[in-house]
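Please look through the sequence and the structure shown here before reading on. The report that follows takes up a few residues and elements in turn.

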Amino acid sequence: MSTVTHLNPPELHSSPAYSQATVAEAGRTLYIGGQNGTDRDGVITGGIAEQTAQALRNVLTLLAAAGAGPEHVARLNVYLAADVDPAEAFAATGAVWGAHPTAVTVVRVASLGRPEALVEIEATAALG
C-alpha cells in the first residue's frame with residue numbers, strides 16, 4: 001500500500017480534525033464517488049448526524065473493497081445542504097472515521113442530487 005504524508009507546517013493553523021495538505025505517493029489511486037447516507041437498499045433516513053455517519057460507513061466499505069482504510073485517504077470532499085449545522089455533521093464523524101485527519105474541503109450547497117440527502121462525501125485514496 002502507498003503512504004499518505006500529512007503536511008501541517010507550523011506557519012498554518014493546526015487542527016486535530018484535518019491536515020492542511022497531504023502527499024500521496026505515486027501509484028494506484030482510488031476515487032470514491034459521492035456517498036450519501038444511504039443504506040444498502042438505497043434508503044436515506046435521519047438527520048445530518050445519522051446521514052454523515054452512514055455516508056462515512058459507505059466510504060469505509062469502498063475503501064475496504066479496494067484493500068485500503070481511512071489511513072490511505074489523501075482527501076475528502078464533503079458537500080452539506082445549506083441549512084444543516086456543520087458542527088453537528090463533524091461531531092458524527094469521530095465514532096465512524098476515527099483519528100484519521102486528512103485534507104478536507106467542506107462546501108455548502110443549495111441541494112444535493114436526492115432531495116432527502118443532507119450530505120455527500122467523496123474521497124481520494126492512495127493505494128500504491
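## Arg-75 and its polar contacts

The side chain of Arg-75 makes a polar contact with the side chain of Asn-77, at 2.9 Å, and a polar contact of 3.0 Å also joins the side chains of Arg-75 and Thr-105. These values, like those in the rest of this report, were computed from a predicted model.

Arg-75 and Glu-88 are separated by 13 residues in sequence, while their C-alpha atoms are 21 Å apart in space.

Ala-103 is buried, because its relative accessible area is 12%, and buried means under 20%. When neighbours within four places in sequence are set aside, Ala-103 is in contact with Ser-19, Ala-21 and Thr-22, as well as with Ala-74, Arg-75 and Leu-76. Ala-103 and Tyr-18 are 85 residues apart along the chain, yet their C-alpha atoms are separated by 5.7 Å.

## The largest pocket

The largest pocket holds about 450 Å³ of space. Its lining is made up of 23 residues, and those that lie nearest the centre of the pocket are Ala-17, Leu-76, Phe-90, Thr-93 and Val-104. Sorted by class, the lining has 17 nonpolar residues and 6 polar residues, with no charged residues.

Several elements take part in this lining: helix H1 (48-65), strand S5 (73-81), helix H2 (86-91), helix H3, strand S6 (102-109) and strand S7 (119-126) each supply at least two residues.

## Thr-93 at the pocket

Thr-93, one of the residues nearest the centre of the largest pocket, has its place in helix H3, which covers residues 93-97. Thr-93 counts as buried because its relative accessibility is 18%, and the limit for that class is under 20%. The side chain of Thr-93 reaches the backbone oxygen of Phe-90 at 2.7 Å, and Phe-90 is also named among the residues nearest the pocket centre.

Not counting residues up to four places away in sequence, Thr-93 touches Thr-52, Leu-56 and Gly-98. Thr-93 and Ala-17 are 76 residues apart in sequence, and the distance between their C-alpha atoms is 9.7 Å.

## Helix H1 and Asn-58

Helix H1 has 18 residues and reaches 26 Å from its first C-alpha to its last, which is close to the 26 Å expected at 1.5 Å a residue. Its buried residues are Ile-48, Gln-51, Thr-52, Ala-53, Gln-54, Ala-55, Leu-56, Asn-58, Val-59 and Leu-63, and the buried residues of H1 pack against strand S4 (29-35), S5, H2, H3 and S7. Two of these buried residues, Thr-52 and Leu-56, are touched by Thr-93. H1 is followed by Gly-67, whose phi is positive, near 75°.

Asn-58, which has its place in helix H1, is buried because its relative accessible area of 14% falls under 20%. The side chain of Asn-58 reaches the backbone oxygen of Thr-38 at 3.1 Å. With neighbours within four places in sequence left aside, Asn-58 is in contact with Gln-35, Asn-36 and Thr-38.

## An exposed residue, His-13

His-13 is found in the loop between strand S1 (4-7) and strand S2 (18-19). His-13 is exposed, because its relative accessible area is 54% and exposed means over 50%. Apart from residues up to four places away in sequence, His-13 touches Tyr-18 and Gln-20. The C-alpha atoms of His-13 and Leu-62 are separated by 31 Å, and the two residues are 49 residues apart along the chain.

Conventions
Residues are numbered from 1 along each chain as its sequence is written. This is a predicted model: local features need pLDDT of at least 70, side-chain atom pairs count only at pLDDT 80 or more; totals for chains, interfaces and linings use all residues. Side-chain values use heavy atoms; hydrogens and water are left out. Helices (H or I, at least four residues) and strands (E, at least two) are DSSP runs, numbered from the N terminus. Buried means under 20% relative accessible area, exposed over 50%, partly exposed in between (1.4 Å probe, protein chains only). Contact means heavy atoms within 4.5 Å. A polar contact is a pair of N or O atoms within 3.5 Å; within protein, one must be able to donate a hydrogen and the other to accept it, and residues adjacent in sequence count only if both atoms are side-chain atoms. On a 1 Å grid over the protein atoms alone, a cavity is a set of points where a 1.4 Å probe fits but cannot get out, and a pocket is an open set with protein on both sides within 12 Å along at least five of seven lines; lining residues have an atom within 4 Å of a point. Grid points are joined across faces, edges and corners, and a volume is the space filled by probe spheres set on the points. Ala, Val, Leu, Ile, Met, Phe, Trp, Tyr, Cys and Pro count as nonpolar, Asp, Glu, Lys and Arg as charged, and the others, Gly among them, as polar. The expected span of a helix is 1.5 Å times one less than its number of residues.
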